[in-house]
Amino acid sequence: MDPSSDYHFLSQILWKRVKLTLVCGVFEGVLQHVDPNKIVILKKVELLDEVEQGSVREKASSVSLNAERTRKEKMKVEDLNACEPASPAPEAPTTSLLNDLKYSPSEEEEVTYTVINQFQQKFGAAILHIKKQNVLSVAAEGANVCRHGKLCWLQVATNCRVYLFDIFLLGSRAFNNGLQMILEDKRILKVIHDCRWLSDCLSHQYGILLNNVFDTQVADVLQFSMETGGYLPNCITTLQESLIKHLKVAPKYLSFLEKRQKLIQENPEVWFIRPVSPSLLKILALEATYLLPLRLALLDEMMSDLTTLVDGYLNTYREGSADRLGGTE
């Protein structure tokens, strides 16, 4: 069997741009889904060469190749991200298709945050500001955050400010003095990536029922299902994967997430240490900061079908004949 059509090989190059060669033609696009039954789904597709007769659009949002078709045809998949041999020279890719808009913060970008570790002065002002918001993002850090673990930090970001609540020092009073009201408020939308563990921790340790949550991990699964006609992804995405996939953030700008993981592996109780280094505080702030633009990107993708229908609706009358309009009530 050609190794390029092997399921395990294809799984390793998910979300990379590939060239897929079939009897019917040559397609180029982002490999979005593959399963053991050889159902292959490409996103942002370009038809490079058409062999069979028929009307096929040159560009499409996605294409699905089912098991029956791939059994009948010899399929070859090339990873366009891999290094090609020096000879023969590969064809130059179409720049307009391969260069998408990217969410690229400056390498020297600094995130501004406020640490809340006491109730005087800053705490009350932070709660008043947060209560005025319609949408905010929430993240959390601690040791095994769940009903059996320990919550150390609760990060809350608005469009203009980031607050780092030191729950390890503030204790349950932080929730009694305003945070619980915000987390349970049905009017305020909370953007979280994988809300399950935090929800479990807040419910069983503090009696808080999270309300009105936009979970970016769930949104990623829903968007994938909508785009692929009901399929589910092979696995749920991490925050880092979601930011690369939907916000097009270059991996070098997400090194703080890799650093976070390394620190936790070296010392699972790293979030208990006081005083906290500025580099750790920056990690806490960035975790929450990225969630708000990630939500907007996911909403845009999930609304793409509606946008397409509205575009057609706009042309229903204006591109029709005047005679037809005369009889329209």
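These questions and answers cover helix packing and salt bridges in a predicted model.

Q: Are helix 9 and helix 12 parallel, perpendicular or oblique to each other?
A: Helix 9 (residues 239-246) packs with helix 12 (residues 291-302) at an angle of about 55 degrees, and their axes are 10 Å apart. Angles under 35 degrees count as roughly parallel and 65 to 115 as roughly perpendicular. The two helices are therefore oblique.

Q: Which residues of helix 9 make the contact with helix 12?
A: On the side of helix 12, the contact involves Leu291, Leu294, Ala297, Leu298 and Glu301. The residues of this contact divide into 6 nonpolar, 2 polar and 1 charged. From helix 9 come Leu239, Ser242, Leu243 and His246.

Q: How many of the residues of helix 9 are buried?
A: The buried residues of helix 9 pack against helix 8, helix 10, helix 11 and helix 12. They are Leu239, Gln240, Ser242, Leu243, Lys245 and His246. Helix 9 is thus mostly covered, the count of buried residues being 6 of 8.

Q: Which residues do salt bridges that share partners join into one network?
A: Glu141 and Arg260 meet in a salt bridge at 2.5 Å, N to O. Arg260 also meets Glu287, at 3.3 Å. Arg260 lies in helix 10 and Glu287 in helix 11, so this pair ties together parts 27 residues apart in sequence. The network consists of Glu141, Arg260 and Glu287.

Key
Residues are numbered from 1 along each chain as its sequence is written. This is a predicted model: local features need pLDDT of at least 70, side-chain atom pairs count only at pLDDT 80 or more; totals for chains, interfaces and linings use all residues. Side-chain values use heavy atoms; hydrogens and water are left out. Axes are lines fitted to C-alpha atoms, for helices over the stretch in contact, and angles run from 0 to 180 degrees between N-to-C directions. Helices (H or I, at least four residues) and strands (E, at least two) are DSSP runs, numbered from the N terminus. Angles under 35 degrees count as roughly parallel, over 145 as roughly antiparallel, 65 to 115 as roughly perpendicular and the rest as oblique. Contact means heavy atoms within 4.5 Å. Ala, Val, Leu, Ile, Met, Phe, Trp, Tyr, Cys and Pro count as nonpolar, Asp, Glu, Lys and Arg as charged, and the others, Gly among them, as polar. Buried means under 20% relative accessible area, exposed over 50%, partly exposed in between (1.4 Å probe, protein chains only). A salt bridge is a side-chain nitrogen of Lys or Arg within 4 Å of a carboxyl oxygen of Asp or Glu.
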